[in-house]
Amino acid sequence: MADAFESRIDIFLRMRPIEKNLASYEVDHDDGRVNWVVPRQAATGMVNHQRERYSFTFTGILDTDCKQDLVFETVARKVVLGALDGFNGTIFAYGQTGSGKTYTITGGTERYVDRGIIPRAISLIYSELANRSDNCFSIHFSYMEIYNETGYDLLNPDHETKSLEDLPKVVLLEDDDTRIHLRNLSAHLAMNEEEALNLLFMGDTNRMISSTPMNMASSRSHCIFTACIEARKTGEDVVRKSKLHLVDLAGSERVSKTGVDGQILREAKYINLSLHFLEQVIIALQEKSQGKSRTHIPYRNSMMTSVLRDSIGGNCRTVMIANVSIAQEQLEETISTCRFAQRVAMVSNQVMLNEEVDPNIVIKRLKQEVKDLKAEVMFLRGEDVDRGPLTDGEIAMVKNQVNAYVYDLSPEASFNCGGNMLHIRAAFQAFKELATAGVAAKRCSNLQGNGAHMEMSGGSPLHETIQNLNRQLQQRENEINILVSFIRKREAGITRANAWTQVDSIQLSGRTDSRDSGFTLDENKALLRKKYGEAKLLGEGANKAREMINGLKVKIEKRRVERAMEDLVHGKTSILHVDVEEENLILQIENEKKTYKDGFSKLRDLKREIEHLHLILEQSRSKVQASFLSITLFELN
């Protein structure tokens with residue numbers, strides 16, 4: 001295939017900054033090289049012949065001062081844009097607990113600039129869609145957590161989450177063509193950036209609630225956020241389907257160094273086992289690329305490697321971020337992470353464009369071609385030329401076809417008015433009536449475009465949207481008020497002068513219509529102001545609920561850290577004991593989550609009503625303008 005190419009997995013090193021007890025290292029950004037220095041006296045039980053320098057080469061190095069926006073531009077932009085073009089993409093973060101994996105993939109929740117790769121990827125996807133008007137896109141999102149080798153759906157809307165067991169379990173299935181299917185993993189269509197970010201927020205909230213005191217979300221489970229992208233180019237039968245995986249792996253530290261037991265030990269064993277199988281897959285692929293007789297790649301050994309089969313050694317553009325700590329006491333784990341990254345860099349993927357002919361589109365197009373040819377033959381034979389005018393039912397049918405064609409934004413939209421001149425003339429008349437009625441379709445498109453660029457991370461996006469709509473409303477009100485004022489002054493002058501005794505019934509009707517239009521405008525403006533007030537209250541309520549949820553998350557994390565510290569101090573495990581304070585915090589999150597969901601749903605419905613009122617005002621404004629022009633021309637004559 002011309003669009004297939006071989007691509008090695010890119011590896012980037014990201015260093016988490018610390019303030020004290022730094023390890024000794026050297027960075028060469030031009031060559032992508034880092035040298036770790038291990039002081040000989042720091043080694044236990046070794047006096048001489050100890051290796052003191054460890055050198056590793058990466059695709060790029062993201063130093064301690066590298067900000068989130070630069071990380072995204074360097075690591076993720078190319079992969080995300082490739083997914084929109086039809087190429088599978090995967091970005092995964094690997095490293096020990098506390099090295100910054102979750103911060104890199106998801107980001108911080110307190111500051112807008114701390115957004116991670118996932119929210120920035122969502123923003124880039126929808127901003128790109130606005131620039132690719134020649135394609136029709138549909139994007140579905142899913143969010144899965146793998147804990148102790150069991151998958152859980154974080155986005156299932158039919159479950160209230162109070163513990164991990166409340167989440168639907170995902171079952172891994174494989175068909176005859178070795179393709180992986182995930183049963184019970186829901187996929188949600190997001191029409192704009194706001195809806196996609198809302199899915200991410202709800203998934204992260206469920207992930208936080210479902211974690212146990214010892215199952216910190218950032219370290220005790222793997223999480224995979226997936227965007228399934230489908231693109232159809234206007235006028236073509238080909239559809240492009242791609243998947244973008246954004247993966248936050250669990251901590252890679254060895255169990256022997258953690259000194260844990262009980263449930264924590266069980267979790268750590270599952271994590272290490274899945275990461276061990278990931279390493280086995282990497283080694284097998286490395287040996288295969290070196291020409292060794294390696295035929296079996298152990299993808300099936302774990303759920304994570306099965307899900308990421310295409311991402312590692314398959315049809316996918318893949319990027320690995322090796323997250324490391326620069327603390328001296330963590331230097332051994334840091335070097336281990338770098339070694340793993342070097343093995344990953346040896347793996348090659350065969351990347352190809354995922355496109356196929358959609359048989360449904362082909363069948364629909366061929367049926368339409370047959371219908372068009374039959375109509376053309378009928379027209380050329382002159383059939384039905386001598387018949388009388390179209391009936392009211394036939395005219396209504398043509399108008400319905402015209403309306404359906406104009407307002408259908410899909411690339412498969414087609415129009416066929418019939419096989420004779422009577423139908424063709426009726427279609428032209430229907431198009432003319434639509435054109436003179438205004439630009440309602442364009443207005444809808446503009447409003448949807450504004451909604452697509454709403455941000456949910458940082459600030460108050462709902463408040464900004466309401467302010468923008470208020471400014472648009474004020475501008476329309478000013479225009480309408482000026483026109484209505486002119487019309488009423490003209491009518492008052494006509495009445496006082498009593499000079500127009502010869503006005504015919506049509507002109508009198510025009511003035512009456514203008515007065516009625518003015519009353520209708522006032523009524524619609526009052527209703528629109530009321531809707532804006534409701535939207536403002538709903539937006540403030542939803543934002544407040546979101547802030548409350550984030551604050552409660554911080555409290556839960558703090559409480560879990562306190563319990564973990566108490567266990568370490570007293571040498572016991574409290575995981576089996578119910579913590580009343582934490583349960584109360586989780587219950588508060590559930591209440592706030594319900595408030596947020598209800599507010600978001602109501603706000604979405606209210607937005608549709610506001611858009612409809614805008615269209616009505618636009619049409620009323622056109623009528624007022626027409627009345628104003630007709631009265632002005634009448635006075636001039």
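Guide: Two strands pair if DSSP finds at least two bridges between them. Helices (H or I, at least four residues) and strands (E, at least two) are DSSP runs, numbered from the N terminus. This is a predicted model, in which local features need pLDDT of at least 70, side-chain atom pairs count only at pLDDT 80 or more, and totals for chains, interfaces and linings use all residues. Residues are numbered from 1 along each chain as its sequence is written, and side-chain values use heavy atoms, with hydrogens and water left out.

Visitor: How do you know that E2 and E15 pair?

Guide: Count the bridges. E2 and E15 share 7 bridges, and the rule asks for at least two, so they pair. The two strands run parallel. Phenylalanine 12 stands opposite isoleucine 321 in E15.

Visitor: Which way does strand E7 run against E15, and how many bridges join them?

Guide: E7 (residues 89–95) runs parallel to E15, with 7 bridges between them. Phenylalanine 92 has methionine 320 of E15 as its bridge partner.

Visitor: What makes E15 a mostly covered strand?

Guide: Burial does. Buried means under 20% relative accessible area, exposed over 50%, and partly exposed in between (1.4 Å probe, protein chains only). In E15, 9 of its 9 residues are buried. In a regular strand the side chains alternate between the two faces of the sheet. Here one side carries Arg317, Val319, Ile321, Asn323 and Ser325, the other Thr318, Met320, Ala322 and Val324, and all of these are buried.

Visitor: How many bridges join E3 to E4, and what is their direction?

Guide: Strand E3 (residues 24–28) and strand E4 (residues 33–37) run antiparallel, joined by 5 bridges. Serine 24 has valine 37 as its partner in E4. The hairpin has 4 residues between the strands, and glycine 32 takes a positive phi near 65°.

Visitor: How do you know that the length of helix H8 agrees with expectation?

Guide: The expected span is 1.5 Å times one less than the number of residues. For the 14 residues of H8 (residues 331–344) that gives 20 Å, and the end C-alpha atoms are 20 Å apart, so the two agree. Its buried residues include Leu331, Ile335, Cys338 and Phe340.

Visitor: What makes a group of residues a nonpolar core?

Guide: The members are buried Ala, Val, Leu, Ile, Met, Phe, Trp, Tyr and Cys residues, joined through side-chain atoms within 4.5 Å. The largest such core has 46 residues, and Leu13, Trp36, Phe58 and Met320 have the most contacts inside it. Helix H6 (residues 262–289) gives the most to this core, with 7 residues. Apart from it lies another core, of 44 residues, Phe137 and Tyr147 among them.

Visitor: Which residues does leucine 13 touch, beyond its neighbours within four places in sequence?

Guide: Contact means heavy atoms within 4.5 Å. The partners of leucine 13 include Val34, Trp36, Phe58, Ala322 and Cys338.

Visitor: Why is the pair of arginine 53 and glutamate 26 called a salt bridge?

Guide: The term needs a side-chain nitrogen of Lys or Arg within 4 Å of a carboxyl oxygen of Asp or Glu. The closest N and O atoms here are 2.8 Å apart, so the pair qualifies. Arginine 53 sits in strand E5 (residues 53–57) and glutamate 26 in strand E3, 27 residues apart.

Visitor: What does the pair of glutamate 279 and arginine 343 tie together?

Guide: Glutamate 279 lies in helix H6 and arginine 343 in helix H8, so the pair ties parts that are 64 residues apart in sequence. The N to O distance is 2.3 Å, so this too is a salt bridge.

Visitor: Is arginine 309 buried or exposed, and how do you know?

Guide: Arginine 309 has 14% relative accessibility, so it counts as buried. Its salt-bridge partner is glutamate 174, with N and O 3.6 Å apart. Glutamate 174, at 32%, counts as partly exposed.

Visitor: How many salt bridges does the whole structure hold?

Guide: The search finds 15. Asp85, Glu128 and Arg132 are linked in a network of them.
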